Amino acid sequence: MAGHDVLTRFFNFATSFFVVSSPSVFQAANMDVSVDLSWHAPISSRINSLSSAINGTGTYDIVFNSSTLPEEIPYGAYNWCNMPHVRRAEYPKVNSSYILEYVEVLHRHHKRTPYAANTFPVETYPWYCDNEALFYYGAPLPTHGANRSANTYWSVYASSSNPLAPRGFTGTCQFPQITRGGLDDSWQHGHDLYGVYHNLLGFLPEKYDPNIVNFRVTNNVITSQVASMVTSGMFGGEAQHELPLLIQPASIDSLEPAYTCLAAYNNFLAYGAGSNDSSWTSHLKAASGLYTMLDTVSGIPPTDPGFHASFDHYFDNLSARLCHAKPLPCNASNPSLCVTQAMADAVFRLGQYEYSYLYRDAGPRTLEYSAGSYGIWVAELAQNLRDAMQTTNAAGTGASPSSGIRYRHNIAHDGSVSRILSVLQIEKMVWPGMGSEVVFELYKRKFDQQYYIRVLWGGQVLRSSNPTFGALDMLRVDILLAYFDGLVGQRAKKIPGLCSL
């Protein structure tokens, strides 16, 4: 019910990164809207308990070995290999007094091979991707030339005349690339979204319409690999023709994000991975025995900074294997030395602990970091919501709308999703798994023509620790906009100053 109250909390977020010297009020619907910009702690759980991470067993019922949940586990459970998303069977439908006006989706790509940097110096078995093709080619648009291109794709091979061995896995895959299973999951994700927003709600058009729907990717090609399947799952044959994917220049991409914000990253380096902050290093020291066992199996030097600044690299390596039904690794010289399931489970618990710490538990610094490093995308979202309201209002008056886009779909990365969850101050932070999804739904209430926002995480209403929000379920949209504006400014006008640009 927080969204229906006139809130009295003012901007008060004075730290080394953000300084708000006086209350700021976002005026909407002839009301003063005052929101709390301060950091609020997440709830305590096994995820952010160091004792549970170090001394616990298992993976807190998180699934790491299949895109499909076991029959006894209901949909909606955390599945690292294929996270829950909006789909018809579980969708919490809003009552008929509200009209859906705009939807924006942000989701992580689906499952993939590990990054090359996260593989071991010598992997003891190959990884083949012969059941898919990665198409890379340029083609004239139909309106700009009659010459047609061939549908060329990459085919990895080894030359008998090349004496050098690649680091990590041999075989026919790129590292990374979306695997065949990840492509199928991507198609199903798109199909499920269409099942809700077209079949159930009649919101999306039956056929792809670039004036109503657009898709955006990052400069990392794996997001485009996912987009090709998501769009096909949504619009079928219509999407199998030319379909633009929006992308920003690599140096300023807000979606990944890739723009420079030294203040935010210096802040992160002071408390996060690679720092000497005792709150960070305590779990690494407590897990030193686990590191020793992992290094013995993998052949990774104990001084390797990539593998030992955090558990990210080991997490990616081991989870990618299990998601694709591959065995846990053994030592290349001594096959009797292997990573056990218990060791892998410990890595997964510690990875969850790290993400909760980095994006929520480390205090106000987490909000500072995420708002700075993801503030431009946050401002773009806010402007999209404003444009959608202006478009709806213009339609009622006959004025020219600023944009007719009703559905935007952003395919990004775990760092993208983590930052928006951090900005929203999610009540229980986890490491966003493959296909993780946050959906922003803008509604207009019929009787008073006011706008409301609902935020879905994993297909269900997101809960925030910030008392301004609570459950982000039919919150007055001007409250969320005031919060975004307070952190990053309209059209991200605060970001150049905050990032020292």
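How do the axes of helix α8 and helix α9 cross?

## The α8–α9 crossing

The axes of α8 (residues 312-323) and α9 (residues 341-361) come within 9 Å and cross at roughly 125°. Axes here are lines fitted to C-alpha atoms, for helices over the stretch in contact, with angles from 0 to 180 degrees between N-to-C directions. That makes α8 oblique to α9; angles under 35 degrees count as roughly parallel, over 145 as roughly antiparallel, 65 to 115 as roughly perpendicular and the rest as oblique. The crossing of α8 past α9 is left-handed, a term for a near helix turned anticlockwise from the far one by less than a right angle (right-handed if clockwise).

On the α8 side, the contact (heavy atoms within 4.5 Å) uses Asp312, Tyr314, Phe315, Leu318, Ser319 and Leu322, which meet Gln341, Ala344, Val347, Phe348, Gly351, Gln352 and Glu354 in α9. Sorted by class, the contact of α8 with α9 has 7 nonpolar, 4 polar and 2 charged residues. For the bookkeeping, Ala, Val, Leu, Ile, Met, Phe, Trp, Tyr, Cys and Pro are nonpolar, Asp, Glu, Lys and Arg are charged, and the others, Gly among them, are polar.

## Where the model comes from

This is a predicted model: local features need pLDDT of at least 70, side-chain atom pairs count only at pLDDT 80 or more, and totals for chains, interfaces and linings use all residues. Residues are numbered from 1 along each chain as its sequence is written, and side-chain values use heavy atoms, with hydrogens and water left out.

α9 is mostly covered, with 18 of its 21 residues buried. Buried means under 20% relative accessible area, exposed over 50%, and partly exposed in between (1.4 Å probe, protein chains only). Just after α9 comes Gly363, with a positive phi of about 90°. Helices (H or I, at least four residues) and strands (E, at least two) are DSSP runs, numbered from the N terminus.

α9 also meets helix α11 (residues 414-423): their axes come within 9 Å and cross at roughly 45°, so this pair is oblique too. Tyr355, Tyr359 and Arg360 of α9 make the contact with Asp414, Gly415, Ser418, Arg419, Leu421 and Ser422 of α11.

## The disulfides

A search of the whole structure turns up 4 disulfides, each a pair of cysteine sulfur atoms within 2.5 Å. With the bonded cysteines numbered in sequence order, the pairing reads 1-5, 2-3, 4-8, 6-7.

One of them joins Cys129 and Cys173, with sulfur atoms 1.9 Å apart and a right-handed 95° about the S-S bond. This pair links distant parts of the chain, 44 residues apart: Cys129 sits in the loop between β3 (98-108) and β4 (134-135), Cys173 in the loop between β5 (153-154) and α2 (180-200). Cys129 is buried at 5% relative accessible area, and Cys173 is buried at 6%.

## Two more links

Cys261 and Cys499 have their sulfur atoms 2.0 Å apart, and the -85° about their S-S bond makes a left-handed link.

Cys330 is partly exposed at 23% relative accessible area, as is Cys338 at 28%.
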